[in-house]
Amino acid sequence: MAADIILVIVVITALAFDFTNGFHDTANVVATSISTRAMPPRVAVGFAAILNFVGAFLSLKVAATIATDIVDAGAITQTVVFAGLIGAIAWNLATWYFGLPSSSSHALIGGLVGAAFAAQGSAAINGDGLLGKVVLPALMAPPLAFVVAGVGIVIVYAVVGRQKPGPVNRSYRHGQILSSGLLALSHGTNDAQKTMGIISLALVAHGTINPDHFLPDWVVVSSATAIALGTYTGGWRIIRTMGSRIIKMDPAQGFAAQGAGASVILAASHAGYPLSTTHVISGAVMGAGAAKRFSAVRWGVAGNIAMAWVLTIPAAAIIGGVVYGVISLFGASSAVGPVVVSLLIIAASAALFLRRAQGRGGIEATA
Amino acid sequence: MILVAKIIDTQAAWQAVWTATVAGIAVSLVFALAVFGGTRSADLRRDSRHVPALAFAALAVLGVGATLGAVVYAITLITTK
């Protein structure tokens with residue numbers, strides 16, 4: 001009975017994480033399009049939500065590979081997964097509150113690492129995997145996207161710089177619809193699968209399905225729906241930071257950032273070296289701004305974003321570890337711990353949303 | 001240095017860097033050529049210079065074709081990974 005309750009809680013928490021993932025990462029896809037008026041805000045998030053939904057059905061091959069090579073598979077129990085998800089959700093909500101773009105994937109990995117560490121000690125963590133698969137790609141992604149988008153916008157200005165701004169801007173706005181569509185599709189394919197992977201891990205651990213079983217349709221549909229709803233809800237604070245607080249961009253810069261970003265994400269993923277969408281798009285936005293004029297980038301905002309990136313894995317890990325510790329107080333196989341933690345996180349989230357709705361609190365991601 | 005080489009897949013990382021660089025810059029270039037061809041073609045048509053307008057229109061079509069080709073290839077990558 002307790003195992004059934006924990007399974008239901010883990011599935012609901014995984015879908016809640018998926019919602020915050022869509023909500024948090026909407027900015028990567030739509031911020032530049034909204035900022036350059038390529039699309040009205042509601043149309044942009046609706047477009048991104050539909051393509052995230054479609055993207056979730058396109059490939060299911062990575063659904064079972066969450067945190068492998070980083071956390072020992074034997075350490076992953078339902079309560080570890082639950083604590084890791086809470087760590088990731090908490091960090092996503094905190095960075096949303098401050099309007100800072102940060103990687104949802106890194107938050108999830110951090111949460112799972114912290115929870116597994118609390119459960120089994122350092123033996124459960126593969127440090128080399130964490131460094132090679134997560135930390136080093138995170139260090140590489142922003143400078144790479146910065147340079148590619150920077151060179152891209154220099155080429156764009158060299159080719160179209162002497163043309164009339166009106167038709168050029170119109171053309172680049174159309175181009176942004178293509179590039180943001182591609183980003184949304186790619187995001188849905190990559191990120192909804194993390195939730196599918198988490199739910200399938202929980203179902204296997206519970207004995208509902210065996211590891212060779214195909215993912216049940218309800219898992220795919222619910223994960224796709226959660227990320228699409230999150231995307232449609234839109235993390236407007238992060239959209240504002242990405243779209244207009246780092247640089248004031250023109251449509252050509254918006255296209256260069258998104259086009260370079262999409263190319264970097266897909267090319268790196270094809271080379272077997274997946275990079276964080278958030279890191280790539282943020283780096284590309286800064287590159288497209290700095291190549292036009294170095295001082296056009298608000299480096300104070302960029303610094304705050306970089307700080308959030310540095311803190312993502314340790315902060316989510318600490319929360320995941322603490323949550324696992326709290327659950328353990330009630331007994332590792334008891335459902336009371338997850339129920340209590342779920343109620344606490346719901347209450348904290350509601351308080352955060354209310355506080356934000358009233359326009360109070362928090363440090364803005366301003367320069 | 002040897003430790004770093006053991007931890008990271010340097011071949012995949014290097015391939016990611018150069019393919020991402022080439023792809024990103026190529027997309028910016030071909031779409032810029034499409035925009036350039038389109039705007040120049042429209043200007044020349046207004047001045048009744050139909051032959052050069054046609055040449056720039058061809059450049060625009062090539063640029064748009066290459067951009068759409070890149071999008072289709074990207075969708076193929078997304079669906080087949």
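Contact means that heavy atoms lie within 4.5 Å of each other. Keep that in mind as you work through this predicted model.

**Exercise 1.** Work out which helices the buried residues of α8(A) pack against.

*Solution.* Start with the helix: α8 of chain A covers residues 236-245. Next, count what is hidden: 7 of its 10 residues are buried, so the helix is mostly covered, with buried meaning under 20% relative accessible area. Among them are A:Arg237, A:Ile238 and A:Met242. Finally, look for partners: the buried residues pack against α1, α2, α3, α10, α11 and α12 of chain A.

**Exercise 2.** Describe how chain B meets chain A.

*Solution.* First, count residues: 37 come from chain B and 43 from chain A. Then check the area: about 3,300 Å² is buried between the two, and carbon and sulfur atoms give 77% of that. Now look for charges: the rule finds 1 salt bridge across the interface. A:Lys164 pairs with B:Asp43 in a salt bridge, their closest N and O atoms being 3.2 Å apart. On the chain B side, α2 and α3 each supply at least two residues, and α2(B) gives the most, with 23. Sort that side by type and you get 23 nonpolar, 9 polar and 5 charged residues.

Note on methods. Residues are numbered from 1 along each chain as its sequence is written. Chains are lettered from A and ligands numbered from 1 in the order in which they are written. This is a predicted model: local features need pLDDT of at least 70, side-chain atom pairs count only at pLDDT 80 or more; totals for chains, interfaces and linings use all residues. Side-chain values use heavy atoms; hydrogens and water are left out. Buried means under 20% relative accessible area, exposed over 50%, partly exposed in between (1.4 Å probe, protein chains only). Helices (H or I, at least four residues) and strands (E, at least two) are DSSP runs, numbered from the N terminus. Buried area is the accessible area (1.4 Å probe) that two parts lose on being put together, summed over both. A salt bridge is a side-chain nitrogen of Lys or Arg within 4 Å of a carboxyl oxygen of Asp or Glu. Ala, Val, Leu, Ile, Met, Phe, Trp, Tyr, Cys and Pro count as nonpolar, Asp, Glu, Lys and Arg as charged, and the others, Gly among them, as polar.
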